[in-house]
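Subject: Structure handover

Hi there,

Please have a look at it first, and then read on for my notes.

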Amino acid sequence: MQPDTKRMDMTFSRAILFSLILAKASALTNSHIAVSSPDYCYDPYRWCGPKYWQATFQYCTSDFMESQSPVILNPFHMMRNRSMGPLELLAYDVLQSEPWIIKNIRDTIAVEFNPGMYLGGANLPRSYYTFYMAFHWGSETTNGSEHIYNDRRYPMEMQIFHLVPPYQTLNEAAFTERQAVAVLAVFVDIGPEDNPVFETISRAVPTIPLAGDEKFIDPFPLRDLLPNDTSKFYQYTGSLTFPECLYAVEWIVFQEPIYISQKQYNRFIGTVYYHEPEEGEEPRLLLQNYRPTQALFDRILIASANAAVPMFSSSHSLVASLLAVLLTSLVSLLLPRMT
Ligand SMILES: *[C@@H]1O[C@H](CO)[C@@H](O)[C@H](O)[C@H]1NC(C)=O
Ligand SMILES: *[C@@H]1O[C@H](CO)[C@@H](O)[C@H](O)[C@H]1NC(C)=O
């Protein structure tokens with residue numbers, strides 16, 4: 001009896017151990033985010049650069065249905081909608097219990113979340129589940145955000161991807177229906193101090209230098225990585241900013257940036273590589289992995305009730321001062337006649 005129980009105990013704990021190892025291994029191979037196609041890259045001087053994407057990927061045509069992203073957040077295209085409700089970030093403040101996966105997917109670094117977080121509200125047509133986030137950065141001498149705000153390209157942009165259930169991959173969702181994807185975009189600026197929340201991600205980046213490399217990281221409440229004020233944002237309809245550039249994305253771009261340190265930024269511009277193994281090439285540093293801005297045409301950027309809508313961007317300040325001069329001279333012309 002005694003030995004039997006002991007043996008059972010041992011078998012049991014072995015089974016637990018084994019299933020734990022299995023769970024770990026399968027979690028790693030079960031990442032839903034695939035390494036991106038080697039048929040595109042961000043180097044403007046190579047055959048695979050953004051200018052040539054449309055040769056391989058038909059939907060990347062710059063004027064395809066006037067739909068492409070990223071865009072300049074041009075104040076002349078902004079319209080405030082005071083009846084638009086706030087963003088709903090469901091369970092964003094929850095600390096998830098299972099580890100997240102951080103992965104080098106060749107064109108960026110991706111962090112995959114566990115199920116349980118949802119995005120809704122604003123003018124989103126329905127509720128989306130939070131899937132993963134990815135980053136766009138510059139180089140030592142250039143900034144690398146995809147969207148441009150107030151004539152400024154920020155050092156970095158963080159994009160949190162959401163899908164309509166039950167889709168499991170971006171392309172499956174985006175090929176099947178419009179508005180199947182929602183992205184929260186956050187500008188990342190450089191500040192004097194380390195961002196302690198961002199450090200979990202930044203520290204892991206140098207450990208996954210090559211495409212396909214992946215690691216577990218400790219989760220944190222995702223809300224902690226967002227700007228303090230999430231009530232200021234712009235919403236517009238656009239596309240994925242990488243092939244297949246599908247037109248299926250509701251974009252929400254926060255007005256306020258978050259801040260990280262130069263050291264935290266340097267790990268992105270100095271330790272991430274991409275290469276085309278079949279060409280036997282040496283890995284190259286992945287730099288400036290952002291798509292050039294695309295025309296807005298007649299698209300509207302809906303500004304939330306609290307978001308700033310600049311009257312004149314700096315490039316139009318000349319027009320503003322000319323108008324002011326005209327008005328004052330008109331008034332001085334008219335005033336004497338009225339008295
Ligand atoms: C403003 O927001 C409300 C509430 O979401 C929506 O019903 C309405 O269509 C929006 N108006 C415009 C012009 O986008
Ligand atoms: C690049 O980012 C830095 C740091 O935030 C900023 O000072 C600079 O104005 C940006 N450059 C451009 C061209 O937007």
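**The chain as a whole**

Please keep in mind that this is a predicted model. The chain has 339 residues, and 47% of them count as buried. Its secondary structure consists of six helices and 15 strands. If you take the contacts between residues at least 6 apart in sequence, 74% of them join residues at least 24 apart.

**The disulfides**

How many disulfides does a search of the whole structure find? The search turns up two, and with the bonded cysteines counted along the chain, they follow the pattern 1-2, 3-4. As a reminder, a disulfide is a covalent bond between the sulfur atoms of two cysteines.

One of these bonds is between C41 and C48, with 2.2 Å between the sulfur atoms. Both C41 and C48 are buried. The disulfide of C41 and C48 is right-handed, because the torsion about its S-S bond is about 85 degrees.

C60 and C245 are also joined by a disulfide, with an S to S distance of 2.0 Å. This pair connects distant parts of the chain, 185 residues apart: C60 sits in the loop between α2 (53-56) and β1 (78-80), while C245 belongs to the loop between β10 (233-238) and β11 (249-254). C60 and C245 are both buried. The torsion about the S-S bond of C60 and C245 is about 85 degrees, so this disulfide is right-handed.

**A buried arginine**

Is R106 buried or exposed? With a relative accessible area of 4%, R106 is buried. You will find R106 in the loop between β3 (100-104) and β4 (109-112). A polar atom of the R106 side chain lies 3.2 Å from the backbone oxygen of Y40.

**Ligand 1**

Which residues surround ligand 1? They are M79, N81, S83, M84 and N123. On its own, ligand 1 exposes 370 Å², of which the protein buries 45%. The shell around ligand 1 has two nonpolar residues, three polar ones and no charged ones. A polar atom in the N81 side chain is 2.4 Å from an oxygen atom of ligand 1. For N123, an N or O atom of the side chain lies 2.4 Å from an oxygen atom of ligand 1.

**Ligand 2**

Around ligand 2 you will see N143, R152, R153, P155 and D189. How do these residues divide by type, and how many are charged? Three are charged, one is polar and one is nonpolar. The side chain of N143 has a polar atom 2.3 Å from an oxygen atom of ligand 2. In D189, a side-chain N or O atom is 2.4 Å from an oxygen atom of ligand 2. R153 uses its backbone instead, with a polar atom there 3.2 Å from an oxygen atom of the ligand.

Best wishes

Definitions and conventions: Residues are numbered from 1 along each chain as its sequence is written. Chains are lettered from A and ligands numbered from 1 in the order in which they are written. This is a predicted model: local features need pLDDT of at least 70, side-chain atom pairs count only at pLDDT 80 or more; totals for chains, interfaces and linings use all residues. Side-chain values use heavy atoms; hydrogens and water are left out. A residue is near a molecule or strand if one of its heavy atoms lies within 4 Å of it. A polar contact is a pair of N or O atoms within 3.5 Å; within protein, one must be able to donate a hydrogen and the other to accept it, and residues adjacent in sequence count only if both atoms are side-chain atoms. Accessible areas come from the Shrake-Rupley method with a 1.4 Å probe; for residues, only the protein chains shown count as cover. Ala, Val, Leu, Ile, Met, Phe, Trp, Tyr, Cys and Pro count as nonpolar, Asp, Glu, Lys and Arg as charged, and the others, Gly among them, as polar. Helices (H or I, at least four residues) and strands (E, at least two) are DSSP runs, numbered from the N terminus. Buried means under 20% relative accessible area, exposed over 50%, partly exposed in between (1.4 Å probe, protein chains only). Contact means heavy atoms within 4.5 Å. A disulfide is a pair of cysteine sulfur atoms within 2.5 Å.
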